[in-house]
Amino acid sequence: MVQAYEADTESTGAGARPGSRFGAWRRKLASDRGIWRRGIILALCSVALTLVLILHADIPNTIGNLGSLTETFLPWFGLLVPVLLALGLLRRSATAVIALVLPVAVWLNLFGGLLFSDKSGDGGELTVATHNVNAGNPDPAGTAREVADSGADVVALQELPTGKVSAYEDALAERYPHHSVQGTVGLWSKYPVSDSRPVDIKLGWTRAMRATVATPEGPVKVYVAHLPSVRVKLNAGFTANQRDDSADALGAAIAHEPVERVVLLGDLNGTMNDRSLHAVTSQMRSTQGAAGDGFGFSWPASFPMARIDQIMVRGVEPLASWSLPATASDHLPIAARVEL
């Protein structure tokens, strides 16, 4: 009777055991002779994705600035991995699934440090913040107060329309007794500001400035910049020539800056990966890259996809970098704490 019971259990219940189901699935795959032949095209797509991630700096800009466009959104290429994985599983292709090891390894090498580690530290003598407030901002006073609530010692604002400058000045006057506005950019500080002047970035009007901030630890040269916007057009690609020329001019000005400690605050309309900003990025450190948590995307505020607003330093040590809560602007404000 015992033997009959055991035999009946094995014949009717084995299929319900997870181990048996896995074994059946494994045997089915092992008997599938096409598992390695299917999905060759998907595997080639994984190889192509890997090459884009590795060789993005070699993609030419001669046609529609395709290289800069790719580099601007390079982290998002990782979203193609789960798509290729799903397609590989649907095709039951071992070749397609295993080929994904290549782009995953390269993507993690490029961006894993940003995504999975918080490099921020304690301390720091100076906190700075920057915000493109948007010329059409319906609440300039409220936006100014929200940025000031970050506790920053120095605040830089970009895209200040002439008719609204006074609203920002009034909202920030109590917390920041020292300020300077040059064209459409401005600098507010808790510490004295001197030697404020425009910086020529080859536009014909003022969208960049420099000033000396007298901190308790000594002078710091602060640059505020708003580089020209870029556009993605079907008939012209990524139109960024004017932005690129302005980046070169800004980089030249910073390179000739005699003061050792320099902080750049602004909307550069480009990411740290974009080769066209090399004149600036080659001589300064991104606070987000050095001491931030995550990618720190800042634009567009409704669904941030790229960090085109930057805090960069030379001669000072970044200790923390973060994005601030959204305001009435289409950009997120960002802040950083540095050690002088």
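Predicted model: local features only at pLDDT ≥ 70, side-chain atom pairs only at ≥ 80, totals over all residues.

Me: Why are α3 and α5 called roughly antiparallel?

Reply: The axes of helix α3 (residues 40–54) and helix α5 (residues 80–90) cross at roughly 165°. An angle over 145 degrees counts as roughly antiparallel, and therefore α3 and α5 get that label. Their axes come within 10 Å, and the crossing is left-handed.

Me: Which residues of α3 and α5 meet?

Reply: From α3 there are Leu42, Cys45, Ser46 and Leu49, and from α5 there are Leu80, Val81, Leu84, Leu87 and Gly88. Sorted by class, this contact of α3 with α5 has seven nonpolar, two polar and no charged residues.

Me: What makes Ile334 count as buried?

Reply: Ile334 has a relative accessibility of 0%. Buried means under 20%, so Ile334 is buried. Ile334 belongs to strand β14 (residues 334–339). Setting aside neighbours within four places in sequence, Ile334 has contacts that include Val128, Ala129, Thr130, Trp322 and Leu324.

Me: How far apart are Ile334 and Ser150 in sequence and in space?

Reply: They are 184 residues apart in sequence, and their C-alpha atoms are 9.4 Å apart in space.

Me: Why is Thr271 called buried?

Reply: The relative accessible area of Thr271 is 7%. The limit for buried is under 20%, so Thr271 is buried. Thr271 sits in the loop between β10 and α11 (278–281). Beyond its neighbours within four places in sequence, Thr271 is in contact with Glu71, Thr72, Leu277, Ala306, Arg307, Ile308 and Gln310.

Me: Which residues of helix α8 are buried, and what do they pack against?

Reply: In α8 (residues 140–148), the buried residues are Pro140, Gly142, Thr143, Ala144, Val147 and Ala148. The buried residues of α8 pack against β1 (126–132), β2 (154–158) and α9 (165–172).

Me: What makes the pair Arg197 and Asp195 a salt bridge?

Reply: Side chains of opposite charge can pair when their charged atoms come close. The N to O distance between Arg197 and Asp195 is 2.4 Å. The cut-off is within 4 Å, and the pair meets it. The structure holds 11 salt bridges.

Me: Is Arg210 buried or exposed?

Reply: Arg210 has a relative accessibility of 12%. Since buried means under 20%, Arg210 counts as buried.

Me: What does the salt bridge of Glu257 with Arg210 link?

Reply: The closest N and O atoms of Glu257 and Arg210 are 3.1 Å apart. The pair links distant parts of the chain, 47 residues apart: Glu257 is in the loop between α10 (241–255) and β10 (262–267), and Arg210 is in strand β6. Both Glu257 and Arg210 are buried.

Me: Which residues are linked in a network of salt bridges?

Reply: The network links Asp195, Arg197, Arg210, Lys221 and Glu257.

Conventions:
Residues numbered from 1 in each chain as written. Heavy atoms only, no water. Axes fitted to C-alpha atoms, helices over the stretch in contact; angles between N-to-C directions. Helix = DSSP H or I, 4+ residues; strand = E, 2+ residues; numbered from the N terminus. Parallel < 35°, antiparallel > 145°, perpendicular 65-115°, else oblique. Left-handed = near helix turned anticlockwise from the far one by under 90°. Contact = heavy atoms within 4.5 Å. Nonpolar A, V, L, I, M, F, W, Y, C, P; charged D, E, K, R; others polar. Buried < 20%, exposed > 50% of the residue type's maximum accessible area, 1.4 Å probe, protein only. Salt bridge = Lys/Arg side-chain N within 4 Å of Asp/Glu carboxyl O.
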